[in-house]
Structures are given as C-alpha cells and as structure tokens.
Amino acid sequence: MATMILWGVRKGERLHERQLIGLALALSGLIVLLFPGLSAPPLTGAILMLGAGVAWGIYSLRGKAAVDPASATTGNFLRAVPFALILSIIMLPWARLDSTGIGYAVLSGAIASGLGYIIWYTALPGLKAASAATVQLSVPVLTAAGGIMLLGESLTPRFLIASIAVLSGIALVVLEKRSAL
C-alpha cells in the first residue's frame, strides 16, 4: 500500500483531508479486525512480507498501463512458472502431496487468482494510485466474510465494526467529491 501511495504522491497525486481521514479509518478498522492475532513476526518473515508488499505495489502500478488485462495476467503467470518449478523441485523432499491438495492449489492459484488479477487489472486504470492502494484494504474483510459464509466462522461484533470502518474508509478515499452545480 505504501509503495502505491508514495508513487502516486511522486507523480503528483494528492490526498485531500477527507481521503486522509478515510485512509486512517480503513487502517484503524484493519487493526481492529486483526488485533487479536497481532504480534511481531520474526525478522526474516517481516522482511519477506515487506518485500511481498512492495512487489504487489509494483505489480499493481504496472497493471494500470495494461491494455489487455487477460493477456497481461497470462504473461505474468507464464513468467512465474520457471521460478515456481525451481522452488517446487527444491522443496520436493519436504512436500506431502495428495490429489485433493494439488486440485485445490490449481483452483486457487491458477483459476481464482488468475481471474482476480484480471479483474484487478481491469479496475486499476480507473483508480488513482492511492485509491487503488486503499481498496486493497478490503481483502482481509472479504476473506473474513468468506470464512463466515462458507466455513461457518462466527459473525462477531468486532468483525462488523472493523468491516464498517474499513469499507467506510475506503469509500471516503475512493469516492470523488462532487462539486455543486
């Protein structure tokens, strides 16, 4: 998120007061949602998460220029295959493979992620960098909602409050202020 916001500022995008409040509200909601499990990760894990966040920001910023989101996503996936194969071969001695797990990996990795990235790349050109970064804060809320609907997780007041905060904050950032006629 920070990668995209900083890039947008570098390119001349400015967050107005309402958008800054929205960003703070969305981040606060995210903290409330994740708070029970918050703890400092190990240094190596933190560095890897930071790298993944920067990479996702760059991936998203590059996606704003994609003319054909499906072709861009297909190309990205094909370029990732050699790395995935090398890592898979290295990790093979520790792998426990079964057909169900492999099937779920294909469904979630190739199909769900592929479609998700195509949708994301299609939406990106209409969003400023800071707005796109803030929209990404909806992912934990959507994931938790999926757990409630599909896996029977509990619907808690903490989830409701956090979700309202995150989604309201996103709305404050993304929705352009309309001038009166």
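Biologist: How many helices and how many strands does the secondary structure of the chain come to?

Modeller: Eight helices and zero strands. From the N terminus on, the elements run α-α-α-α-α-α-α-α. This is a predicted model, where local features need pLDDT of at least 70, side-chain atom pairs count only at pLDDT 80 or more, and totals for chains, interfaces and linings use all residues. Residues are numbered from 1 along each chain as its sequence is written, and side-chain values use heavy atoms, with hydrogens and water left out.

Biologist: What makes a stretch a helix or a strand?

Modeller: Both are DSSP runs, numbered from the N terminus: helices are H or I with at least four residues, strands are E with at least two.

Biologist: Why is Ala-26 called buried?

Modeller: Its relative accessible area is 0%. Buried means under 20%, exposed over 50%, and partly exposed in between, with a 1.4 Å probe and protein chains only. Therefore Ala-26 counts as buried. Its place is in helix α2 (residues 17-34).

Biologist: Which residues is Ala-26 in contact with, leaving aside its neighbours within four places in sequence?

Modeller: Leu-137, Ala-165, Val-166, Gly-169 and Ile-170. Contact means heavy atoms within 4.5 Å.

Biologist: Why does Gln-136 count as buried?

Modeller: Gln-136 has 16% relative accessibility. That value falls under the limit for buried, so the name applies. Gln-136 sits in the loop between α6 (129-135) and α7. Beyond its neighbours within four places in sequence, Gln-136 is in contact with Met-4, Trp-56, Ser-60 and Trp-120.

Biologist: Why is Pro-125 called partly exposed?

Modeller: Its relative accessibility is 46%. Pro-125 is in the loop between α5 and α6. Pro-125 and Gly-63 are 62 residues apart in sequence and 7.9 Å apart in space, C-alpha to C-alpha.

Biologist: What makes the nonpolar surface patch?

Modeller: Leu-92, Leu-97, Ile-102, Tyr-104, Val-106, Leu-107, Ile-111 and Leu-115 make it, over about 820 Å². Patch residues have over 30% relative accessible area and no salt bridge; like charges are joined within 9 Å, nonpolar side chains (Val, Leu, Ile, Met, Phe, Trp, Tyr) within 5 Å. A salt bridge is a side-chain nitrogen of Lys or Arg within 4 Å of a carboxyl oxygen of Asp or Glu. Accessible areas come from the Shrake-Rupley method with a 1.4 Å probe; for residues, only the protein chains shown count as cover.

Biologist: At what angle do α7 and α8 pack?

Modeller: Helix α7 (residues 138-151) and helix α8 (residues 157-174) pack at about 145°, with axes 10 Å apart. The contact is made by residues including Val-141 and Ile-148 of α7, and Phe-159 and Leu-167 of α8. Axes are lines fitted to C-alpha atoms, for helices over the stretch in contact, and angles run from 0 to 180 degrees between N-to-C directions.

Biologist: How much of the chain is buried?

Modeller: Buried residues make up 25% of the 181 residues.
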